Amino acid sequence: MANKEIIINGTELDQMGESSYDLDQPNNGGNYDARVSELNRKTESLEREKLQMVNLNLESKERIKKLSLEIGELRNDNASKKEKLKEMEKEIEWSKEELKTLESVAKRAVELKIEVSRMQHDFVDEQR
């Protein structure tokens, strides 16, 4: 069992996890060039995949940055709208108080008008 080898991605590894495949020594005759060609092809493929991942990563970072800015703008907009709402609520409260005052003034005006009318009626009666 001590000589057992592990194969990962087509490469044989010994117990220490090191490749026992030596590119400097031909393996089974002309198989060396084919293996080098295959490894070069895999390397190029992995490099293309890495480049795609880097580009996706950059796009994701840019999108995150834009979304973060948009969130900040929305938060600021929300804060200003909340402030505007508070101002409007204060104005409504002030208007309600003003309305109460005006209602009491109008009520008193009606009372005074009735009193004036009564006084005029009394005056006319006394003149007769």
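Here are some questions and answers to walk you through it. This is a predicted model, in which local features need pLDDT of at least 70, side-chain atom pairs count only at pLDDT 80 or more, and totals for chains, interfaces and linings use all residues. Residues are numbered from 1 along each chain as its sequence is written, and side-chain values use heavy atoms, with hydrogens and water left out.

Q: What pattern does the protein chain follow along the sequence?
A: Let's start with the parts: the protein chain has 1 helix and 2 strands. Helices (H or I, at least four residues) and strands (E, at least two) are DSSP runs, numbered from the N terminus. Read along the sequence, the pattern is β-β-α.

Q: What share of the 128 residues in the protein chain is buried?
A: Buried means under 20% relative accessible area, exposed means over 50%, and partly exposed is in between (1.4 Å probe, protein chains only). By that cut-off, the buried share of the 128 residues is 2%.

Q: How many salt bridges does the structure hold?
A: Side chains of opposite charge can pair when their charged atoms come close. To count as a salt bridge, a side-chain nitrogen of Lys or Arg has to be within 4 Å of a carboxyl oxygen of Asp or Glu. The number in this structure is 4.

Q: Which residue forms a salt bridge with Arg35?
A: Arg35 is buried, at 13% relative accessible area. The closest N and O atoms of the pair are 3.5 Å apart, and the partner is Glu38.

Q: Is Lys81, the salt-bridge partner of Asp77, buried or exposed?
A: Asp77 and Lys81 both lie in helix α1, 4 residues apart, about one turn of the helix. Their closest N and O atoms are 3.6 Å apart. Asp77 is partly exposed at 34%, while Lys81, at 52% relative accessibility, counts as exposed.
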